[in-house]
Amino acid sequence: MTRMALQGVKVVELCSLAAGPFCGKLLADMGAEVVKVEVPGQGDPARHRGPYPPSGPHPEASGLFFYLNTNKQSLALSLQHPEGKEVFIRLLKWADMLLEDTPPGTLESMGMGYPVLAKLNPRLIVTSITPFGQTGPNKHHKVYPINAFSAGGATYLLAKGEGFGRRPPLQPGRYYGDCESGVGASVATMAALYWQRLTGKGQHIDCSRQEWTMGLNRWYIVRYANDGDVEGRGANSYPWGGVLPCKDGYICLICPRDYEWDRLVGAMDNPEWASDERFRDNFLRAQNGPALNQLLSTWLKDYSKADACRLLQAAGVAAGPVNTVTDMLDSPQFQERDLFIEAEHPIMGKVRFPRLPFKMSATPAALRRQAPALGEDSRKVLSTLGYAQEEIDTLEAQGFIAGGAV
């Protein structure tokens, strides 16, 4: 079997729902050995959130949990008792990194703050993923994914365009901000892993979901910080073009240069209105954007998304469809690139989901195992840590660890 990029890297994940687990998923899918620590009898709250199969809700059949936790092991461990904490400490001595999303101060209250962990394992990387970071007046605020995303300013700019300034902000995809934060945390963690390999030392990474989301809109933040220019939701991101309606949906048309305008006019078979003085150059087109978009929309109303994009792309114009979920699942582009892979789940049946959104020629990511049942690997993990079978039996009998399904 081809060696994977992160093969041999050992990760402990003390995270729930989306941001931390998505960070862990990226590492696991690239070959890291990720042990997910969950509360016995409860597990990650993602297990209790849909989508579910037609048969109905089941803690081992959550599509959300499945997607976020492929290639991981599950250790059901109680950290509320000294025996459970001792197992956790031994686990961290074994690990290269800890991903955790507990509220600031939680590990400190358990006697396991970063200074303590750094003495136990100087090589340990601790990545803390929280809504607002480890410091500041908001560090203890309770949030759900939409709160952190909104606090980063992203929903303020959704949706943008003429007429939207008077409408309420729009909610993005439910876990969009959290998954983006997970990407950011994984980048920082990989950089720390490189440093660890060079120096033999770990470090503490303080990852704020609010700050990562704000960074996605850095252009608007920088404009205000330097020029005092506040980008409003009523302003169109593009003076003309942008998202335009077709007969079966929308396309996104971007045409900022004069030579691209000439190509667009040619693709439209040189309509008479295109020679109007208002559209003579890009400066004038920008000044008359609403009128131009109305004319473009009238031309597009007889075209499907696919036909309009084929015609415009053939002319060298940057145009693409605004895809629905169905469009993406049926996309010849994604089919050619094998974006969607399948797994057979004992409860959900056949599950189709996207692989990592990149390909590595020498060390490809792979689905080695589906998401684990709660506590499925508890006994195996403890055995790896050197516990004798009798000790494992005692810990399980006393409820400090658990195995099997919920």
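Helix 1 (residues 19-29) and helix 7 (residues 176-199) approach each other with their axes within 7 Å and cross at roughly 50°, where axes are lines fitted to C-alpha atoms, for helices over the stretch in contact, and angles run from 0 to 180 degrees between N-to-C directions. The two helices are therefore oblique to each other, given that angles under 35 degrees count as roughly parallel, over 145 as roughly antiparallel, 65 to 115 as roughly perpendicular and the rest as oblique. On the side of helix 1 the contact involves A19, F22, C23, L26 and L27, and on that of helix 7 it involves D178, C179, S181, G182, V183, A185, S186, T189 and M190; contact means heavy atoms within 4.5 Å. Helices (H or I, at least four residues) and strands (E, at least two) are DSSP runs, numbered from the N terminus.

The model is predicted, and local features need pLDDT of at least 70, side-chain atom pairs count only at pLDDT 80 or more, and totals for chains, interfaces and linings use all residues. Residues are numbered from 1 along each chain as its sequence is written, and side-chain values use heavy atoms, with hydrogens and water left out.

Seven strands form an open sheet of mixed pairing in the order 6-5-4-1-2-3-12, two strands being paired if DSSP finds at least two bridges between them. Helix 3 (residues 82-94) lies across strand 1 (10-14), strand 2, strand 3 and strand 4 (97-100), at about 145° to strand 1.

S74, located in strand 3, is buried at 0% relative accessibility (buried means under 20% relative accessible area, exposed over 50%, partly exposed in between, with a 1.4 Å probe and protein chains only). The side chain of S74 reaches the backbone nitrogen of G375 at 2.8 Å, and, neighbours within four places in sequence aside, the contacts of S74 include K36, E38, R47 and P372.

A further open sheet has three strands in the order 7-8-9 with antiparallel pairing, and the twist averages 30° from one strand to the next. Five bridges pair strand 7 with strand 8 (residues 249-254), L244 having I251 as its bridge partner in strand 8. Helix 12 (residues 289-300) packs on this sheet, touching strand 7 and strand 8, and its direction makes about 40° with that of strand 7.

Terms used. A polar contact is a pair of N or O atoms within 3.5 Å; within protein, one must be able to donate a hydrogen and the other to accept it, and residues adjacent in sequence count only if both atoms are side-chain atoms.
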